[in-house]
Amino acid sequence: MDSLVGAIDLHEEGRNPLFVSQTVRGDAEHQREYAMQFGINNLCQWSNNIKKKGESEISTRARSMVFFAFALLASCGIDCNAQGRKELFVPENGYISLNMPLDPLRTGSLSTKTTHPVYMKAMQEIWNDVGINIDFVLPYKYKTKGEVLMDCKNQDLMKKLIFGSTSCGKYQRKLQHCGVCVPCLVRRAAFLKNNLCDVTEGGYFKENLQCSYSKDVAAAALAVVQLKKNGIESLVKGMLSFAKGEERNLYLGVIERGVLEIGALLREHSVI
């Protein structure tokens, strides 16, 4: 969803981006459809197809390493800018990039950090040190998902395509949005913030949040209540220790507004 808006915004700015995607079962056709909206021969659609013996770690926690490796390979086909650098756009909203645990049970690897500022800074430093002249650009790092939609530079095209996009962290299990994982909650909240009737293709496996038992919904409700009762600092605690001064305030703001967006969704479903 964010990637699609990122593509639209770059195109509206007169840019001609090369798109890179991981081929995903159930989503590959949409990837091609979206790329064709902005030109031809502009999509590198690849799969790592990694197979190994023995036990396998089945999560997608390290997926961004694969995505960035694909982007690095694709960048070999484009020219540097006047400064001798290339730009790699990572259009992820700031709330999901930070992915602050909504309750104590979601700390550690249960809240993935695939585009977290600390991770992205370390990746940039590694690439610089080995002579890779590519700059990571995160245009939405201070925006919620609802704000990414609201500020999209071509609203008509966004509304035409956005409901075919995929957000669910468990999409591959049923080739349908589950409706209750954190990415689904953030997605649904973004549509609500923008007063868009949510006609996501295939619908949600669990449409009614009030009637759906979900640890993620419960964690989100707890976070919303804690924010209202004790303020944003009680939620964040030491999660923003990496950021100082004005940058910390910007991250603090995106977390607070992101939780408020989810809160509006939960109230819509009478969860809180």
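Helices (H or I, at least four residues) and strands (E, at least two) are DSSP runs, numbered from the N terminus. Before setting off, note that this is a predicted model: local features need pLDDT of at least 70, side-chain atom pairs count only at pLDDT 80 or more, and totals for chains, interfaces and linings use all residues. Residues are numbered from 1 along each chain as its sequence is written, and side-chain values use heavy atoms, with hydrogens and water left out.

**Stop 1: two loop residues**

Select Lys237, which sits in the loop between helix H11 (232-236) and H12. Its phi is positive, about 50°, although Lys237 is not a glycine. Is Lys237 buried or exposed? On our scale, buried means under 20% relative accessible area, exposed over 50%, and partly exposed in between (1.4 Å probe, protein chains only). Lys237 has 60% relative accessibility and therefore counts as exposed.

Now jump to Leu175, in the loop between helix H8 (171-174) and H9. Leu175 also has a positive phi, near 55°, and is a residue other than glycine. With 34% relative accessibility, Leu175 counts as partly exposed.

**Stop 2: helix H1**

Select residues 2-12 to highlight helix H1. Eight of its 11 residues are buried, so H1 is largely enclosed by the rest of the structure. Colour the buried ones: Asp2, Leu4, Val5, Gly6, Ala7, Ile8, Asp9 and Leu10. What do they pack against? Show strand S1 (19-22), helix H2 (28-36), strand S3 (86-89), H6 and helix H7 (155-161) to see these partners. H1 is followed by Gly14, with a positive phi near 85°.

**Stop 3: H3 meets H5**

Next, show helix H3 (residues 63-75) and helix H5 (residues 117-129). Their axes come within 13 Å and cross at roughly 40°. Here, axes are lines fitted to C-alpha atoms, for helices over the stretch in contact, and angles run from 0 to 180 degrees between N-to-C directions. The crossing of H3 and H5 is right-handed. A crossing is right-handed if the near helix is turned clockwise from the far one by less than a right angle, and left-handed if anticlockwise.

Which residues make the contact (heavy atoms within 4.5 Å) between H3 and H5? Select Ser64, Met65, Phe68 and Leu72 of H3, then Tyr119, Met120, Met123 and Trp127 of H5. By class they divide into seven nonpolar, one polar and no charged. For these classes, Ala, Val, Leu, Ile, Met, Phe, Trp, Tyr, Cys and Pro count as nonpolar, Asp, Glu, Lys and Arg as charged, and the others, Gly among them, as polar.

**Stop 4: aromatic rings**

How many aromatic pairs does a search of the whole structure find? There are eight. Rings of Phe, Tyr and Trp (its six-membered ring) pair if their centres lie within 6.5 Å; planes under 30 degrees apart count as stacked, over 60 as edge-to-face and the rest as tilted.

Select Phe68 and Phe136, an edge-to-face pair at 5.1 Å centre to centre, with 65° between the planes. The pair links distant parts of the chain, since Phe68 is in helix H3 and Phe136 in strand S4 (residues 134-137), 68 residues apart. Phe68 counts as buried at 5% relative accessibility, and Phe136 counts as buried at 11%.

**Stop 5: a charge over a ring**

A charge sits over a ring if NZ of Lys or CZ of Arg is within 6 Å of the ring centre and within 35 degrees of the ring normal. Select Lys174 and Phe205: the charged end of Lys174 sits over the ring, 4.6 Å from its centre. Then try Arg188, which lies over the face of Tyr204 at 4.3 Å from the ring centre.

**Stop 6**

Show helix H10 (residues 215-230) with H12: their axes come within 9 Å and cross at roughly 115°. This crossing is left-handed.

Finally, select Val186 in helix H9 (residues 182-193). Val186 is buried, with a relative accessible area of 4%. Leaving aside neighbours within four places in sequence, Val186 is in contact with Tyr95, Ile96, Lys145 and Ile262.

How values were computed. Contact means heavy atoms within 4.5 Å.
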